[in-house]
Amino acid sequence: MNIQDRDRKYLWTRAGSKCSYDHGGQKCNAKLLTYVNGRLTATGDECCIVGETLKDARYKDAFPERFTYYNLLLMCKEHHKLIDSDPNTYNVKMLHEMKDRHEAAVEQETKKDNYTPPVRANDDEIVKAVK
């Protein structure tokens, strides 16, 4: 998948680095950044709403915005598999609505007065690497 850096950054930021799944009263919100052996690791999937290839769910020919923020949805691996296994339920319109609800909730969460930025592990290691 050929995603531009600005689209990737926008996707992860707007999704709050959390799974965007929200359907039938079930919300995931799994954190998709984690520390593995002291290194920050992305564990989420950048999913195409309109599929990438003919064999992918919700594929449409000649779709020019395929790898832009507007066609991407951040998901955990479990929910990525789920939405692609049932494209009739998880159609383009529904996935855009899901994305919009999730991003609106993330925006509201970050506006709260009691928001505290996450604690970074290995600050000393990061400072050493920059010097």
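1. Arg58 counts as buried because its relative accessibility is 9%, where buried means under 20% relative accessible area, exposed over 50% and partly exposed in between, with a 1.4 Å probe and protein chains only. Arg58 sits in the loop between strand 5 and strand 6, and its phi is near 60°, a positive value in a residue other than glycine.

2. This is a predicted model, in which local features need pLDDT of at least 70 and side-chain atom pairs count only at pLDDT 80 or more, while totals for chains, interfaces and linings use all residues. Residues are numbered from 1 along each chain as its sequence is written, and side-chain values use heavy atoms, with hydrogens and water left out.

3. Asn37 also has a positive phi, near 50°, and lies in the loop between strand 3 (33-36) and strand 4 (39-42); with 79% relative accessibility, Asn37 counts as exposed. Helices (H or I, at least four residues) and strands (E, at least two) are DSSP runs, numbered from the N terminus.

4. Strand 5 (residues 45-48) and strand 6 run antiparallel and are joined by four bridges, pairing being assigned if DSSP finds at least two bridges between two strands. Cys48 stands opposite Leu72 in strand 6. Both faces of strand 6 are covered, with Leu72 and Leu74 buried on one side and Leu73 and Met75 buried on the other.

5. In helix 3, the buried residues are Met94, Leu95, Met98, Lys99, His102, Glu103 and Val106. Seen down the helix axis, these fall within an arc of 160°, taken from the directions from the axis to the C-beta atoms, so they line one face of helix 3. On the other side of helix 3, Lys93 and Lys111 are exposed.
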